[in-house]
Amino acid sequence: MRSIWNGAISFGLVSIPIKLVNATESHAVSFRQIHTEDGGRIRYRKVCELEDREVTQAEIGKAYEDADGSMVPITDEDLSHLPIPTARTIEIVAFVPEERIDPLQMGAAYYLAASGAPAAKPYTLLREALKRSNRVAIAKFALRGRERLGMLRVVGDAIAMHGLLWPDEVRAPEGVAPDAGVTVRDQELDLADALMDTLGEIDLADLHDEYREALEEVIAAKSAGETPPEAREEAAPGKVLDLMAALESSVRAARESRGGEEDAPAEEAEVRSLRQRGTPSRQTPKETGGKKSTSAAAKKTAAKKTAGRTTAGKTVGKKAGEKAGEKAAAKEPAKKTAGRGTATKSTTKSTTAKGAATTNTATRSAAAKSAAAKSTAKSTAKKAPSRKRSA
């Protein structure tokens with residue numbers, strides 16, 4: 001590679017002779033201006049205004065135009081004797097972490113090549129020092145008529161230098177951001193994250209200039225006298241009225257372009273759930289509340305019935321001997337009571353047992369009437385809830 005500048009790196013008292021080589025190149029297709037009527041080239045000629053004649057490159061020099069329009073000639077010798085230490089030296093002034101450098105400041109990139117065998121050892125020393133420190137070097141140098149700022153970093157086994165803009169050359173982003181007051185919902189951020197995850201990462205080496213390739217195809221076709229290929233017609237993007245819908249469509253399109261058809265159902269389900277987030281179902285709480293109310297009312301009713309049956313059982317136990325003749329009449333209410341449910345049967349059995357115990361106590365002195373009293377107590381205990389309801 002051809003060097004564009006020769007000088008040295010000043011690293012404290014260490015001087016490293018180097019050559020500056022362009023690290024990048026442009027592959028853009030360039031055009032010439034022509035006369036559309038006959039295809040003739042349009043050329044620019046350098047003409048001296050005073051003599052009104054075309055001059056050669058050897059006759060052209062530099063000058064500074066003053067405010068009044070007068071020219072102040074500046075020769076290459078004047079530039080080579082500028083009173084600055086960076087005229088032919090890349091002077092390192094500091095070492096800083098790379099993240100301290102704002103990417104907005106970064107400009108053209110160069111490779112620094114060691115110039116000759118004596119430069120190999122100090123060149124390698126600087127390279128390894130930068131590697132071990134995980135820092136970059138900030139330097140000042142003069143190139144093409146002005147002093148510049150640069151950043152030195154390690155690229156492979158070489159040292160690269162990025163031209164940097166001076167801090168006062170970077171404009172502040174005033175009036176660029178939208179007006180305040182715009183809010184972004186969590187659902188929109190979630191969909192944006194899903195879109196970013198779907199697009200994923202990419203190897204930058206796989207990217208290429210499709211515009212240049214298409215342009216070269218057109219040039220090749222016209223050179224061969226063929227019809228140039230026509231561009232694919234794509235639907236013009238419309239106005240985004242619903243940001244959520246646009247994000248969802250973008251996620252689906254990204255999945256299709258990535259060939260992720262198999263994973264689509266799971267991710268689509270996630271997107272739908274994001275749209276329904278914060279929208280609770282109204283039907284379930286109502287049904288649950290109704291069940292709770294019904295259950296509570298049933299418990300209260302059962303408690304009241306149990307209390308009534310217990311009291312009735314005690315009363316019947318005292319008057320059991322006198323109402324033995326009502327056994328036949330109590331059978332019909334007993335049948336109706338039998339279908340009330342498991343909870344009522346359990347309560348009735350408990351109440352009947354208490355009534356029987358009371359009957360045994362009340363009729364203990366009359367042995368002859370004991371059997372009849374027990375039978376009558378059972379029948380009357382089942383009849384008692386019916387009377388309680390009628391009351």
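In which loop does Asp52 lie? Asp52 is found in the loop between β3 (47-48) and β4 (53-54), where helices (H or I, at least four residues) and strands (E, at least two) are DSSP runs numbered from the N terminus. The views below show a predicted model, in which local features need pLDDT of at least 70 and side-chain atom pairs count only at pLDDT 80 or more, while totals for chains, interfaces and linings use all residues. Residues are numbered from 1 along each chain as its sequence is written, and side-chain values use heavy atoms, with hydrogens and water left out.

View 1. Asp52 has a phi near 55°, a positive value in a residue other than glycine. Asp52 is exposed, with a relative accessible area of 64%; here buried means under 20% relative accessible area, exposed over 50%, and partly exposed in between (1.4 Å probe, protein chains only). Asn134, placed in the loop between α2 and β9 (135-143), likewise has a positive phi near 55°, and Asn134 is exposed at 63% relative accessible area. Most residues other than glycine have a negative phi.

View 2. The structure holds 8 salt bridges, a salt bridge being a side-chain nitrogen of Lys or Arg within 4 Å of a carboxyl oxygen of Asp or Glu. Side chains of opposite charge can pair when their charged atoms come close. Arg45, exposed at 58% relative accessibility, pairs with Glu54, the closest N and O atoms being 3.5 Å apart, and Glu54 is partly exposed at 46%. The side chains of Asp76 and Lys62 also meet in a salt bridge, at 3.3 Å from N to O. Because Asp76 lies in helix α1 (residues 76-80) and Lys62 in strand β5 (residues 62-65), this pair ties together parts that are 14 residues apart in sequence. Asp76 counts as exposed at 54% relative accessibility, as does Lys62 at 52%. In the salt bridge between Arg127 and Glu128 the N to O distance is 3.1 Å; Arg127 is buried, with a relative accessible area of 14%, whereas Glu128 is partly exposed at 36%. Salt bridges that share partners join Glu51, Arg53 and Glu59 into one network.

View 3. Tyr64, Val72 and Ile74 form a nonpolar patch on the surface, with about 270 Å² of accessible area together. Patches are made of residues with over 30% relative accessible area and no salt bridge, like charges being joined within 9 Å and nonpolar side chains (Val, Leu, Ile, Met, Phe, Trp, Tyr) within 5 Å. Accessible areas come from the Shrake-Rupley method with a 1.4 Å probe, and for residues only the protein chains shown count as cover. Val72 sits in strand β6 (residues 71-74) and is partly exposed, with a relative accessible area of 35%.

**View 4. Ala119 and Ser15.** Ala119 belongs to the loop between β8 (106-114) and α2 (120-133), and at 0% relative accessibility Ala119 counts as buried. Between Ala119 and Ser15 there are 104 residues of separation in sequence, yet their C-alpha atoms are 8.3 Å apart in space.
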